[in-house]
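Keep the sequence and the 3D view open as you go.

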Amino acid sequence: IGIALLTLPISVPTIKTFCDCSIFNTKWNGCSKFANMAYSSGGDVVPLLSPYNTYNFNNKNGVLFIIAPNLDFSKYEIEKIKEFLDNGNTVVIADDFGTANEILRGLNLSMRISKHGVNDLFYHIDDDLTTTYKINTFGGNITTNIPSFIHANDGVILTSSVSTSNGKQKSFPMMVETNYSNGKIIIISDPDVFINGMHNFNSKFWEGFLEHINAKTYYFDEVHHAGFDPYDIGVVYLHSSVSKNTMFLVFFVV
């Protein structure tokens with residue numbers, strides 16, 4: 001019986017979607033590779049598929065990823081985010097032209113994500129893929145795809161001094177980190193840094209970033225993706241491969 005249980009296939013639930021920046025999207029515009037890296041780093045990955053009040057945010061050492069939201073946040077949801085921060089957790093907001101500023105206003109923060117794009121002389125292939133070098137952490141550089149910038153006095157990651165936006169030339173913050181209550185908020189002005197299509201450019205950044213936040217639980221907001229429409233919900237079966245020594249040990253114990 002013990003050997004039979006070890007050799008039986010294991011059913012794993014699966015969800016697939018074409019939604020931008022969804023961790024269930026395995027295409028170029030999804031975030032499945034980043035979620036897999038977060039899981040491989042030793043943390044639990046929890047997708048939020050329903051309103052925040054159906055989940056328990058009271059645990060410590062958790063991170064809530066809000067990537068490319070394009071649905072409005074209710075007052076109650078913002079209060080839930082505040083409670084999450086009060087408990088000493090971290091919120092990562094990655095957005096450019098979406099609705100994340102609603103969260104910043106609701107939390108009474110002065111920072112805002114600009115509605116204007118930013119261009120730089122340093123890029124891959126064309127000027128849509130802006131590359132920021134010479135950052136002290138996160139693998140040494142970060143590549144963005146048609147990024148925005150953050151209205152803030154300073155940032156963890158900045159564009160070069162020759163970058164331009166809306167007729168102005170200076171260094172623009174692209175990543176800002178600030179303490180809030182007992183927790184921390186990290187704002188990134190481009191959600192595309194986490195998509196599968198940017199894996200070859202940003203894999204070192206992903207590793208350094210996950211090491212920096214060092215969480216036990218990674219929550220990914222899927223409920224604020226307007227296009228989240230799973231086209232396939234089911235299970236896959238994984239056949240376990242057990243060594244003969246393990247089988248003998250189980251047989252001996254039984």
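The protein has six helices and 16 strands; helices (H or I, at least four residues) and strands (E, at least two) are DSSP runs, numbered from the N terminus. This is a predicted model, in which local features need pLDDT of at least 70, side-chain atom pairs count only at pLDDT 80 or more, and totals for chains, interfaces and linings use all residues. Residues are numbered from 1 along each chain as its sequence is written, and side-chain values use heavy atoms, with hydrogens and water left out.

**Exercise 1.** Find what share of the 254 residues is buried.

*Solution.* Start with the cut-offs: buried means under 20% relative accessible area, exposed over 50%, and partly exposed in between (1.4 Å probe, protein chains only). By this rule, 44% of the 254 residues are buried.

**Exercise 2.** Work out which residues of helix 2 are buried, and what they pack against.

*Solution.* Step one: go along helix 2, residues 32-40, and pick out S32, F34, A35, M37 and A38 as buried. Step two: recall that an α-helix has 3.6 residues a turn, so residues three or four places apart point the same way. Step three: look for contacts, meaning heavy atoms within 4.5 Å. The buried residues pack against strand 2 (44-48), strand 3 (62-67), helix 5 (199-213) and strand 15 (217-221).

**Exercise 3.** Locate D95 and find its nearest side chain of opposite charge.

*Solution.* First, go to the loop between strand 4 (90-94) and helix 4 (101-106), where D95 sits. D95 is buried but has none, as K115, the nearest side chain of opposite charge, is 6.0 Å away. Lastly, list neighbours: leaving out residues up to four places away in sequence, D95 touches several, including P69, I113 and D190.

**Exercise 4.** Compare C21 and I146: is each one buried or partly exposed?

*Solution.* Begin with C21, in the loop between strand 1 (9-16) and helix 2. C21 is not a glycine, yet its phi is positive, about 65 degrees. With a relative accessible area of 6%, C21 is buried. Now turn to I146, in the loop between strand 8 and strand 9 (150-151). I146 also has a positive phi, about 50 degrees, without being a glycine. Its relative accessibility is 45%, so I146 counts as partly exposed.

How values were computed:
Lys, Arg positive; Asp, Glu negative; His and termini not counted. Salt bridge = Lys/Arg side-chain N within 4 Å of Asp/Glu carboxyl O.
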